[in-house]
Amino acid sequence: MLEQENIPEAELYDYFPKMIKVVGCGGAGNNIINYINSIGLFGADTYAVDTDKRHLDVIRAGKKFHIGSSLEAPEKRTPEFGKKAAEVSGYRLHEAFQGSKVVFLIAGMGGVTGTGSAPVVARLAREYGAHVIALVTLPFKEEKEKRELAEEGINEVLKNADTVVVMDYEKLPGYDPGIPKENAYFMMDELLAEKIRLMVEIVTKRSLSHIAIWDYKRFFERTGLGVMFLREYPMDGDLIGSLETALEFPMSEHDASGATKAYVVMTSTRNISFDESVKLMDGIKKVLPSGIDIIWGAEIKKDFEKKLGLLIILTGFKK
Ligand SMILES: Nc1nc2c(ncn2[C@@H]2O[C@H](COP(=O)(O)OP(=O)(O)OP(=O)(O)O)[C@@H](O)[C@H]2O)c(=O)[nH]1
Ligand SMILES: [Mg+2]
């Protein structure tokens, strides 16, 4: 097995993208892919999958897969169409997944293409031995029908992916109070694009504390539902004390109880020392369920002025 440390930096350009893929399914998923490519992503291939050719045309992605073009448009479009589309065109994607180890799958649930195709795409990736971490959005409660469709879709993704992180639009105001509903999609695009960049680059770039690709595979294997928690803290004052609030705002309707695994990544400026980050980690441990298995990384980001960013995904919930 190749050891990442022994590979010259220039060659990492080729090394990682073979193994790490970020895939969008449907309109929302691909808008996020587009966003990821606009902020820049080191070390992963991006794929865009959609039945909608016109939307695919305006997406920036490493590879685009127009699925279901051979199918007749049904009278009533349901996620079943998205599913069939992925099944008839899946062989091309299947090929593209060859050699991949970790696949991040992104879809907005509740529509036709993302809801129907994401479970199939997850299965195709896993057939190559890739580890699939899906990040899917759940519509606002006022969109009752879409939310129900989305919930059914999420159950299908859960059967096929290793981990499914549910991002509920209802929870966005907890993260950013006062956000107008009309900005919710843009805000979610930005949020997921940034967190996926972080989850990839904690593997592919040098960082204060790095996570290896093999750790992802070991850690997330068939862990089921994932709940994301996001916090930012100013670097002054009682930082350790304020970590008590780390689990206050889950991005879906779950709390920490019953979780057996915690993925924790901190982002800070360069002026945080390794010792300090260990202290912070001890502070975070105190708020996590006791005895939990933790994997953690720490990223240094120069433009992250005087604040500490925390990304926590709890998973492996006891049934
Ligand atoms: N983050 C984000 N979420 C969106 C966006 N557009 C829609 N959504 C959410 O994602 C769900 C699915 O929408 P789309 O992704 O557009 O639907 P689709 O999968 O392309 O399905 P069809 O267009 O019907 O084939 C919606 O119910 C919204 O909750 C977007 O641009 N960004
Ligand atoms: Mg669409």
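Mentor: Two strands are said to pair if DSSP finds at least two bridges between them, and strands themselves are DSSP runs (E, at least two residues), just as helices are DSSP runs (H or I, at least four residues), both numbered from the N terminus. The model is predicted, so local features need pLDDT of at least 70 and side-chain atom pairs count only at pLDDT 80 or more, while totals for chains, interfaces and linings use all residues. Residues are numbered from 1 along each chain as its sequence is written, and chains are lettered from A and ligands numbered from 1 in the order in which they are written.

Let us look closely at strand S10, residues 307–315. On one side, seven bridges join S10 to strand S8 (residues 261–268), and the two run antiparallel; within this pairing, Tyr263 has Ile313 as its bridge partner, and Val264 has Ile312. Strand S7 (residues 224–234) also pairs with S10 in the antiparallel sense, over nine bridges, and here Met228 stands opposite Ile313.

These strands belong to an open sheet of ten, with mixed pairing and the order S3-S2-S1-S4-S5-S6-S7-S10-S8-S9. Strand S3 (63–66) and strand S9 (293–300) stand at the edges with a single partner strand each, so one side of each has no neighbour in the sheet. From one strand to the next the twist averages 20 degrees, where axes are lines fitted to C-alpha atoms, for helices over the stretch in contact, and angles run from 0 to 180 degrees between N-to-C directions.

To return to S10, seven of its nine residues are buried, so the strand is largely enclosed by the rest of the structure; a residue is buried if 20 or more other C-beta atoms, placed from the backbone, lie within 10 Å of its own, exposed if 12 or fewer do, and partly exposed in between.

Helix H9 (residues 213–220) has its own buried residues, namely Tyr216, Phe219 and Phe220. Seen down the axis of H9, they fall within an arc of 80 degrees (taken from the directions from the helix axis to the C-beta atoms), so they line one face of the helix. These buried residues pack against S10 as well as S4, S5, strand S6 (163–168), S8 and S9, contact being counted when the C-beta atoms of two residues, placed from the backbone, lie within 7 Å. After H9 comes Arg222, whose phi is positive, near 45 degrees.
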